[in-house]
Amino acid sequence: GELSRRCPSPAPLWPTGRSRGAIIAQFYNRTARLRRQSSRLPLQQCCRAARPSLRQYDLETDPARATLDDKRSLLVKELLSLSPSQRSHMLLTMPLSLAEKCTLRQELSRHRGLSRQRVQRQGRSLPCRWFKDSIALVSLGHGSVWPPPGLWPWPRCSHQAPSPQGCRGLWYRLLSLLAAAQPWHYALKQIGGRFGSSVLSYFLFLKTLLVFNVISFLILLVFVVALQAAYPPVSASPPPFTGLELLTGAGYFTQSLLYYGYYSNATLNEPCASSPQGSACPLPAPPLPYNMPLDYMFSIGASFLLTCILLVHSMYRSFGESYCVGSSTGHVAIKVFCAWDFKVIQKRSVKLQCENICTQLKELLAEQRSRSRRRSLGQCLGHSTVLLLAWVLSLGTTLCCVLAVYHFSEHMHAGSSKWQQEAVLLVLPLVVSLLNMLMPHLYNLLAIWERQDSPGVQVYVAVCRNLLLKTAVLALLCYQWLSRRVVCSAEECWETCLGQELYRFVVMDFIFTLMDTLFRELLWRLVLEKMLKRRQRPEFDIAQNVLELIYGQTLTWLGVLFAPLLPAVQTLKLLLLFYIKKASLMQNCQPPSKPWQASHMSTVFITLLFFPSFLGAAVFLSYTIWSVRPSEGCGPFRGLETIYKSGKTWVQVLERSNPNITWFTWVHQHVLENTVPLFVMSMVLLAVIYFNIQAVRGQRRIIRLLEEQIANEGEDKRFLIQRLHSVYEQRER
């Protein structure tokens, strides 16, 4: 009634010669264009296709052939799709009478009421829709309101099945949360946007190492540690816990699940395993005996095999991303015009993406600027002489460090009883960790003297020098460990003593990493800002930090046979390192003064982790399993000539107990023990690698020819345009 009183029926106001249907059709078209240009659906409501679906548009009705009522209903439908302000502005600008406008407003009010009732009815009856809206609010950061107002509860007595659209939307919401559920997703984006890809490669590498250690820890926990804990062996009572064991790994931890000597050599679920010898066992044997020596060896082998597969897969994927055929990562134009992600809508994500793109552009420009520099012949000779002297000094210092570690370890093993004290056991790991912390600073001074043009080359040279030092020291220590030159008492297994030694090396490496972070980053920043009054901060040393990770992981792989819980210690160490290094990076360090693109850095890190780290540890453990005699009094392989004999003994016992599985013995003898299948598989693998390399070379050659063809076409077009200009100029004359 109020609407009819406010809208009298005056004379028509549309222009002469134009019908009311033509005006409505004209504004229907204008409203449709406005809606298609200005309205953009939220990402949660967009379809998965790259373009808008044609089903969104009403193609059945032609406005030119429709009646007046059809045109009015089409105009109302288009007005409903606009925002309230756009709808009011459009109604005001229509050259229609007030009565016609009131009719349109009544139609709009009626349609809005019907749509609101339909939405409320569907929202109360569909659980999937409620979950979908809840997940959307959680993903946007409004998870504190639970459940959202107006969405809870739906009727409990409703028996309406969830619609496919609502459940499909719920599934898409869950998939969208997977990216945010990745560990350190936002932290890695923040580091990459502020410090560039070079510093980000360190944290990505740390994340990869964490995955490897978690997988190894879970395998050993499920198949070795948990079962031995369920069936504990008879052992002497451990000494009281003093706290020093956290550093030395000895004392209370000696007779624990942490080390090799605690594990038994019996069948765990055998009912009469603890009965005296010679007495008959009244209980039947279990249908599936669980042999601890075999399980110990195969679990460690399975963890190494799975780690090797993951490493090869990571190398393959990293090579595919870094050395992609026809890659355009180095093109500035592509980075400028195609780098923005239009799906980013949150303010924090937009800021991070802006910083990331700016950092990448700085890296690309710095790389192109370094390529354009040229040296004269005299400068090249002088630079080569400096490089030669720097390498001679670095190799000489590496040799001195190795000799110092050798003489110090010999003095320890020949010492008196005072070296048997637990606190003194930390001296050798302390010396090695101290050398590993101090020598990279000497290499940094050599790098300043060398004055490398590219920061990437400087990092690679520092990585090579640190790698030579750590590899030489570890090779010397492995030789001494295999020669049984380890500090050990008479009643302990040499495997347990070796596990304790490696545990001390891992702990000392972590402590010295924290000390290096404290003194080189935090204290140096305070000196620069408070005392020297400089607006400058230290830079993050990528080479040293990455080599510390590789060194710690190599120690873990070397000690997993002698300390099955060492991957758990390494996992805790990596978790603490990530948060400590991230906090120190954000508070104490500045972005690299010379931005450079680390497109191949992750590939180099994974390759160094595979060789020499993983392959060296695999060779060390393989030699221990196949050639070194285990301890006689403790451990799962006591009384055997080698650890490998446990598998052979188990196969013989299995053949005697069940003659029907002689085929398994044949497979073990002709496949596992014979070297011919391994040789054939290696040849096939090398052939596949060779053919793939040739295919990649052919693709690169074709791409290079296509690029030359495109360049020639551009030159031809430029030549034709110049000829056309010359022809026109001759005609004008």
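Modeller: A helix here is a DSSP run of H or I with at least four residues, numbered from the N terminus. By that numbering, Val676 lies in helix α22. The model is a predicted one.

Colleague: How many helices and strands does the chain have?

Modeller: The chain has 22 helices and zero strands.

Colleague: Why is Arg704 called partly exposed?

Modeller: The relative accessible area of Arg704 is 44%. Buried requires under 20% and exposed over 50%, so Arg704, at 44%, is partly exposed. Arg704 is placed in helix α22, which covers residues 676–732.

Colleague: What makes Arg697, Arg700, Arg701 and Arg704 a patch of positive charge?

Modeller: Arg counts as positive, and like charges are joined within 9 Å when their residues have over 30% relative accessible area and no salt bridge. Arg697, Arg700, Arg701 and Arg704 therefore form a positive patch on the surface.

Colleague: Which residues make the nonpolar surface patch?

Modeller: Val676, Phe679, Val680, Met683, Val684, Leu685, Leu686, Val688, Ile689 and Ile693 make this patch of about 910 Å². The joining limit for nonpolar side chains is 5 Å.

Colleague: What part of the chain counts as buried?

Modeller: Of its 733 residues, 36% count as buried, that is, under 20% relative accessible area. The accessible surface of the chain is about 43,100 Å², with 62% belonging to carbon and sulfur atoms.

Colleague: What kind of peptide bond joins Phe611 and Pro612?

Modeller: The bond is cis, with omega about 15 degrees. Most peptide bonds are trans. Pro612 is placed in helix α19, residues 601–627.

Technical notes: Residues are numbered from 1 along each chain as its sequence is written. This is a predicted model: local features need pLDDT of at least 70, side-chain atom pairs count only at pLDDT 80 or more; totals for chains, interfaces and linings use all residues. Side-chain values use heavy atoms; hydrogens and water are left out. Accessible areas come from the Shrake-Rupley method with a 1.4 Å probe; for residues, only the protein chains shown count as cover. A salt bridge is a side-chain nitrogen of Lys or Arg within 4 Å of a carboxyl oxygen of Asp or Glu. The place of a charge is taken as NZ of Lys, CZ of Arg, CG of Asp or CD of Glu. Helices (H or I, at least four residues) and strands (E, at least two) are DSSP runs, numbered from the N terminus. Buried means under 20% relative accessible area, exposed over 50%, partly exposed in between (1.4 Å probe, protein chains only).
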